[in-house]
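Let's go through the contacts in this model, one inside a chain and one between chains. Have the structure open as you read.

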Amino acid sequence: MKTTVSRRQFLRVSALAGGGMLIATHLDAFGIAGSLGEGAPAEETLNAFIRITPDGVVTIMAKNPEIGQGVKTMLPMLIAEELDVDWTDVRVEQASFDPDKYDGQFAGGSNATPQAWLPMRRVGAATRTMLVAAAAQEWDVPAADCETEAGVVRHRGSGRSAGYGELATRAAAMPAPDLDAVPLKDPAEFRIIGSRIPGVDNHAIVTGEPLFGIDFTLPGMQWAVFQKCPVFGGKVRDANLDHVRGLPGVTHAFVVEGGDSLNGLLDGVAVVGESWWATNRARRELEVTWDEGPTASQSSEGFAHQAAELFEGPAGFSVRSDGAADDALAGAAQVVEAEYDYPFLSHATLEPQNCTAHYRNGRLEIWAPTQTPQSGRGLVARTLGLEPEEITIHLQRIGGGFGRRLANDYMVEAARIAMEVEGPVKLLWTREDDMRHDFYRPAGFHRLSGGVDDQGRLVAWKNHFVSFGEDESFASSAGVSANEFPARFVPDFELGASLIPFGIPTGALRAPGSNGLAFVYQSFIDELAHAAGRDPVDFRLELLSREVEGQGLDPERMRGVLELAAEVSGWHTRRGQLPRGTGMGVAFHFSHRGYFAEVVQASVSPEGDLTVDRVWAAGDVGGQIINESNAEHQTQGAVLEGISQALGQEITIEDGRAAQGNFNVYPLLRHAQAAPVEVHFLRSDNPPTGLGEPPLPPAIPALTNAIFDATGHRVRSLPINKHDLSWS
Amino acid sequence: MKVSFTVNGEPVSVDVPPEMPLLWVLRDVLELKGTKFGCGIAQCGACTVHLNGNATRSCVLPVSQAEGAEVRTVEGLSPDGTHALQQAWKELDVPQCGYCQAGQLMSAAALLERNGSPTDQEIDAAMNGNICRCATYLRIKQGIRAAAGLPATEDGSMEGSAGGAAHPTPSS
Ligand code: FES
Ligand code: FES
């Protein structure tokens, strides 16, 4: 078992050399809060949370990697709210990676909101307290008689006031309050939280300023490409390095020896040159003889055959077993059996993987678009024999994360290449490198049996899940929780799994696990509702009305969003009036603490052409939406991503390698396919939680259920575009 | 080979292999990083620029074909980010990761220069070569409509913008 020392966050406050104050935090298991006094060390300046200069400008550092989830705007909003400043006076800067000063510099798992909701507000509130104390001292009045508004402290009795800029230098000498005890605003007084705040980088984005990892350059920087074996983890036997070294623009060509873990540095050939284009062109003449290794015979087709064979026998091991599913099925009024599957998926971030690194004097400096700088630094240190302290990581804006940049393969490759060349070097992958060397969303196969009683209620559930892994250990993102719905809600329930050992790197893709499981479970529940002759919403509401125990989704919150989705979509009225070939489907899913129910309306022409007409999404992520603009937009993006996955995305493994390499064969949703997505939030009395992931999973089964409603075709295998949906 | 053309009104002359795509000349020779690389095979639109006013995928355009041409990139859309599309993008908060947006803006600008009040279908047709992996399509369309002075949606409905509507907690 892992032991963790709980680290507390302390404020460190100092005066700025030219006037003003600097508020930094420090994480320490045993640290002492306090004022540093004059002359903060230079690095403190870089990693401060808040800088208030005499002109009243407030600069807030955004600590987490920005991948398009809006965190660079959201975290500073929390600080600014409690600091009580006007958002227009706030400047936001991206913090570098510094685990001593910032907690949780990480983008993933929809974690930023629940983790930062109180700590960030406390930093803002503590700073405000010090500014008030400074004013009170200067005016010789009780602090309790002073109030703040929009960056100004005012004394109620005398009406005297002073701006934060004027007070900042004095405030730096005030005692730093205990972060856990500092009072926070009543939510009724929020002016920034709960409003629509556009992204802080929007201006830089629309004017084309260099902002992303791929845009970062250094004087004298060289460019690198890295050729790995198309079969994951294959080894270099031989390569025509001399020939490649002689090509125009090429400065280096060398073999990199990797390890055996698909999560680490892999074997390959690095080519370095003066321009990326010339270097990548030289790569066309690179000839490598590979030792492809034992996984070169694996294929998606082979996995499907193995799954079919495994379905013939009992599950390899039990994940959960309640009551007696077999007996209950034997006694059910109706039994439905079905097999479902979904494919491997690539993340396909629009910005291909890249990383800049510079090795000099025994130290590595890295500029990386990474979601996980801490584990990236660990990987680089372990692989290249450096101490973590010898590695500095600067965070770059990320052109799409979706879980791809939880892995740091590109970082360790860039670092390794940088150690062999003089000066800074930037590694940039092609789209084909990116799609063929991903950590794929794992495929999955399910055999299901379900039973309903004579009153049309779901009473028995049996699921044999064929996934990937070794023994009883699921591969990354290939698992299922023992509490996954409808576990707990069905008295006789059995979930077993069989695992296929494989050699394909897998990892988290937005709403990992959930993005495949929701499709299967919410589709099969639809089949059971249909068999029971029940309305799909009513059938689900009855399930969610049962008394349950244990960990997992809260049925009351899920009923809330399901009822809201039904209401806003006009489920009970509109659905009956749709023309032939048009249908509505519903689904819900709980993941990453968020509750979402969605309704899709879709139309299928008699020839089988599918159009998604409209989506209604109802979510419950707590009582307080922090940024209304981004919350709506993340929901729309996640829903449309789910639809994109469902419509046509599939990575097929052939001869141990990914068959697809670019968007011509891996179709992402395009403008003309983007259906309107109406977003509704149910503001339940719960603390706020994240939004990047939970709206995605229900979109897929809501769509396939709508196709069934429209045509009678039950889509049990993704993607949809491989099915003939025509009807007459 | 020497190739001469203008970029955002400024004459430039570069000495590079003639088959080098305009994208890489812009990004790595002229240091204009706004134009992005996404696929390299004219599938995603991230590299869209205007060549003599037409939206063009610069990743597949050999620089030799830009000889004498007027090239416009996102950096040249306006001197200070005040082009109607840029304004709309900022106000409507269109970007998520933002990586595709330079290409989206350039395709949208070419559309509006041809057709000042496009229908939704015309917007879809003009923009379909531009992928947004974050799927910001609904706001891109809204942004184009706003820049063109059109109502938020074609049928006047509130589609896609119900996020502000509050719903009370169900009583329990
Ligand atoms: S990079 Fe040119 S279209 Fe994708
Ligand atoms: S905003 Fe991320 S790809 Fe469009």
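What follows covers the ground rules, then the two interfaces.

## Ground rules

This is a predicted model, with local features needing pLDDT of at least 70 and side-chain atom pairs counting only at pLDDT 80 or more, while totals for chains, interfaces and linings use all residues. Residues are numbered from 1 along each chain as its sequence is written, chains are lettered from A and ligands numbered from 1 in the order in which they are written, and side-chain values use heavy atoms, with hydrogens and water left out.

## Inside chain A: domains 1 and 3

Chain A is assigned domain 1 (8-193), domain 2 (218-293 + 353-428) and domain 3 (300-345 + 440-722); such bounds come from an automatic or database domain assignment. Between domain 1 and domain 3 of chain A, the C-alpha centres are 42 Å apart. Their contact (heavy atoms within 4.5 Å) involves 18 residues of domain 1 and 15 residues of domain 3.

These two domains of chain A bury about 1,100 Å², with 59% of that on carbon and sulfur atoms. Buried area here is the accessible area (1.4 Å probe) that two parts lose on being put together, summed over both. On the domain 1 side, Ser110(A), Thr113(A) and Trp117(A) give up the most area, together 38% of what that side buries.

## Between chains B and A

How many residues does each chain put into the contact? Chain B gives 64 residues and chain A gives 72 residues. The pair buries about 5,700 Å², and carbon and sulfur atoms supply 58% of it.

Five salt bridges link chain B and chain A. Lys36(B) and Asp215(A) form a salt bridge through their side chains, at 3.0 Å, N to O. Among the elements giving two or more residues to chain B's side are α1 (22-29), α3 (101-114) and α5 (137-147) of chain B, and α5(B) has the largest share with four residues. Helices (H or I, at least four residues) and strands (E, at least two) are DSSP runs, numbered from the N terminus.

By residue type, the chain B side splits into 29 nonpolar, 21 polar and 14 charged. Ala, Val, Leu, Ile, Met, Phe, Trp, Tyr, Cys and Pro count as nonpolar, Asp, Glu, Lys and Arg as charged, and the others, Gly among them, as polar.

Definitions and conventions: Salt bridge = Lys/Arg side-chain N within 4 Å of Asp/Glu carboxyl O.
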